[in-house]
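Reader: Hi! Could you walk me through the aromatic contacts and the core packing here?
Author: Happy to, let's look together.
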Amino acid sequence: MLRIAKFLTALFLLLDFTAEGAIAKNTLLRGRVQEPVSGKPVPFTSIYFQELAFGVATDESGSFSLETAYKGMAHVTISCIGYQTLDTLVLLEEKAQLLFSISSLSYSLDEVVVSAREAVKENSVSLIGKTAMKHIQPSSVSDLLQLLPGGQTSEVNMSTANFISLRQAGTDINTSLGTAFIVDGSPMGNDGNLQNFYSLGSSAATARLTTSQGIDMRTIPTDRIESMEVIRGIPSARYGDLTAGVVKIELKNGETPLEARSKVDLKNKLFSINKGFVLPRNGGRLNVDTDYTLYRPDPRSELTSYKRITLSGRYENNIRLKDDVSLVYKFNAGFTGSFDDIKKDPDALSKDDYLKNSYQSIKLTASGVMRFENHWVRSINYNAGIDYTADKLDMVKRMSLGGTIPLTTLATEAGIYNTGYLPAEYNSALIVDGNPVDVSLSLEAKSEWKPGSMFHALDYGINYRYTKNYGDGELYDALMPPFSATKSSRPRAFSDVPALNKLSVYAEDLITWEMADNWTLRLQPGVRATTLPGMHGNYRMSGKFYFEPRLNTRLTLPHFMLGDKKITLAFTLGAGQMYKFPTIAQLYPDRLYFDYVQLNYYASNPEYRYANIRTYVEDPTNYSIEPARNLKLEAGIVLTAGNLKLDVTFFHEKMNNGFSTGSEIVNHNYTYYEAGSVQNPFQKPDLSEFISTQETITTLYSRTMNDAGVHKTGIEYTVNFGKIAPLYTTVWINGAWFDTHYFQTSNQFYSKPNHVINNRPYPFVGVYDYNGSNANRKSQFNTNLNFDTHIPLLQMIFTTSIQSMWFESRQTDLNSGLPAAFLDTQGNRYNFEPSMTTDPVLRHLVDTYNQYTFLKSETAMATKVNLKLSKEIGKNLLIACYFNNILSYLPEYTSVYGTKVNRTVTPHFGAELNFKF
């Protein structure tokens with residue numbers, strides 16, 4: 001890694017020296033950012049030029065300078081904490097002097113944005129600013145997704161893990177796992193999570209696990225967030241290890257007033273506080289915050305709860321290294337504690353049962369950007385982060401076995417073992433201790449040049465990720481295990497599991513072509529290549545590079561006038577290939593142990609008891625596993641006509657090798673000893689004294705496979721009609737049509753355990769070319785009509801949202817019910833012929849369905865009205881409240897089964913106070 005970093009740095013410098021003459025014709029830009037009335041400078045403001053894919057920051061006097069080869073009109077975004085974000089067009093020409101005015105965030109401004117905006121610099125990107133976040137009154141990032149096209153307001157359940165869903169009807173783990181979360185340039189990771197204990201046996205426990213499922217959004221509070229981008233389309237090549245999209249979060253940095261927030265509703269209690277300081281003597285800027293959240297799904301009960309505690313700090317400073325070289329550097333430190341607590345009712349029979357799931361993460365990040373003037377390499381960005389997590393599941397479960405059950409041996413090798421007996425009832429204590437460590441390093445650079453009429457903004461770099469779990473793993477008393485099943489796990493130290501290394505390089509060019517007659521074409525081709533160094537050679541992925549070509553384009557036509565309205569029109573196209581690499585849990589699963597009771601001789605005299613077990617060991621590792629691959633295609637149109645803005649995108653995504661849990665079949669032989677055949681019951685017997693028979697059992701076990709298919713097709717749309725001035729109201733609509741097909745591409749094995757032939761287990765396992773439970777198509781279409789009423793004189797914003805789900809449908813893929821083949825107890829495979837459906841034994845392999853199975857199930861339209869109010873009182877207090885489902889229209893409809901369906905919805909509401917000093 002060090003050699004590669006040195007090589008890349010040398011390459012940057014070489015390019016700099018060889019291109020020294022290419023920057024002689026650069027345009028020198030100087031400018032200033034100030035407040036509009038007082039003219040007071042606004043220091044430490046971010047100024048981003050979209051065509052340059054580059055930005056600068058103002059100094060203490062609010063001034064900035066920049067040299068660039070680009071000339072012409074450019075989109076500029078000016079943002080600063082506590083100020084309204086400004087998007088504007090400027091003309092970049094020789095010795096340009098730019099002056100920008102931005103206003104402090106206040107509801108007394110004429111324009112306040114409380115919705116998500118579609119980005120100009122990238123296709124299919126939603127921007128969510130601080131004002132919109134405050135108006136939503138969120139408890140976590142989960143609440144903000146309602147602002148995306150296709151999103152709807154709902155009451156988020158924080159008693160279960162919250163996973164993201166993008167561009168789809170329904171949910172699946174490949175979308176949530178395939179969405180990258182980037183916080184201040186550093187990726188969040190969950191690939192080292194191994195908390196998936198095999199025999200947890202509790203839906204309450206599994207609902208809180210996040211192993212191989214993605215980021216739990218409950219752990220990300222919103223009060224420390226300054227802005228959030230959600231890339232739904234084809235992301236830049238600088239983002240990798242993903243298939244669905246990117247959630248890019250920028251935290252508060254720099255000087256901010258003391259802000260405190262208190263939110264209360266029926267299930268939530270939240271308190272947060274934030275403050276940013278300017279340290280004396282050019283000591284930089286420090287921003288600190290803390291957050292506490294308590295959630296109870298049933299406000300009347302304290303038995304189940306979720307708690308979140310966070311504390312973080314961010315320091316930044318800037319120095320001038322040379323006349324033409326400056327450095328902005330940052331250090332971030334954060335703690336997140338996330339705690340699930342479930343207890344049984346003290347009056348219940350199993351009152352000792354409880355579950356505690358604690359997630360405590362400490363993350364440290366050092367990052368910075370070195371900017372160069374008069375150099376071909378315009379900037380070098382670095383980011384180094386380490387995330388250490390103490391992930392602990394603590395569970396006590398009352399085991400009532402109801403019989404004489406032999407104790408499962410803890411042997412880790414196949415063989416025959418004598419063992420004892422489990423108590424009829426006992427409390428089993430289980431601890432699953434995980435300590436994932438995620439290290440990320442990145443070195444990136446930007447360059448630019450302008451040959452002829454084309455301007456090129458280059459972005460290239462190298463990324464490295466190291467993921468390892470140093471936990472103790474599963475800990476429990478071997479004499480009182482948390483399971484009594486034939487198939488189980490054994491205690492395994494997570495620290496024995498190998499580490500996962502990912503090394504990526506990427507290059508991307510943002511090309512702006514100012515064509516004749518004011519036509520503008522923007523091309524963004526890029527490619528990313530990733531390999532997994534250090535991976536064992538048995539894996540198919542070992543030594544391979546996975547390439548991800550991506551392209552985004554935008555063609556902007558010359559504007560024209562239609563009456564008194566200025567019309568602009570742009571067309572967008574995008575295509576890209578993305579890979580999500582397997583997690584540690586998917587790459588290195590624990591071995592599975594099959595313990596068959598050969599003899600269960602439970603004599604009244606404990607000294608004569610005899611239990612004998614045959615143990616088999618199976619390795620579920622899939623050495624052929626590969627990264628999930630998603631191909632994305634999209635096309636869109638962006639139209640503005642006066643105050644009207646229309647943004648429509650059609651997309652299609654095709655994933656055929658997503659991760660799934662598939663079945664493997666194995667045959668095990670063991671000897672069955674008849675306990676009642678003992679000759680002398682008054683002494684401890686020998687195995688030879690029992691009548692025995694040889695048995696063969698066919699069993700299935702699970703392993704990770706690449707056979708999950710997810711095809712997404714849809715249309716996302718946003719229409720902003722502008723402000724109706726006499727009513728102080730902005731009207732806008734967003735929504736989406738999603739059609740998502742879920743399926744599996746490989747054959748599935750199913751046993752028929754409910755069938756017994758001659759008092760023996762069913763002897764065959766069916767092989768099917770379909771998966772009835774996972775093969776289905778889901779569709780939905782929704783519209784959100786929003787009225788944002790903003791009265792500056794009253795410093796108030798009132799939003800009325802009419803959310804309509806016009807239909808939701810689900811249809812299971814048609815299949816014949818016939819297996820493609822079947823296996824006997826010896827593992828022999830036979831083709832299944834249609835004539836076998838009448839065979840008295842083989843006919844049980846045929847799946848039968850009722851008349852409704854393959855019919856499309858549709859839900860009638862549902863309309864709900866939500867209200868949100870935000871009101872500033874003076875300069876220091878903001879009160880906000882929401883009333884969701886205050887009105888609803890849920891007409892009765894007839895289901896696919898011919899029954900009448902009546903629906904109801906429960907209104908819920910909440911309020912919060914925000915203090916600023």
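Reader: Which residue lies over the face of Phe 651?
Author: That's Arg 167, at 4.3 Å from the ring centre. A charge counts as over a ring if NZ of Lys or CZ of Arg is within 6 Å of the ring centre and within 35 degrees of the ring normal. Arg 285 lies over the face of Phe 44, at 3.6 Å from the ring centre.
Reader: What should I know about the model itself?
Author: It's a predicted model: local features need pLDDT of at least 70 and side-chain atom pairs pLDDT 80 or more, while totals for chains, interfaces and linings use all residues. Residues are numbered from 1 along each chain as its sequence is written, and side-chain values use heavy atoms, leaving out hydrogens and water.
Reader: Switching to ring pairs, how many aromatic pairs does a search of the whole structure find?
Author: There are 26, counting Phe, Tyr and Trp rings (six-membered ring for Trp) with centres within 6.5 Å; planes under 30 degrees apart are stacked, over 60 edge-to-face, the rest tilted. One of them is Phe 594 with Tyr 701, edge-to-face at 6.4 Å centre to centre and 65 degrees between the planes.
Reader: Is Phe 594 buried or exposed?
Author: Buried, at 1% relative accessibility; buried means under 20% relative accessible area, exposed over 50%, partly exposed in between (1.4 Å probe, protein chains only). Tyr 701 is buried too, at 10%.
Reader: And which residues does Leu 587 contact?
Author: Beyond neighbours within four places in sequence, its contacts (heavy atoms within 4.5 Å) include Met 535, Met 541 and Ile 625.
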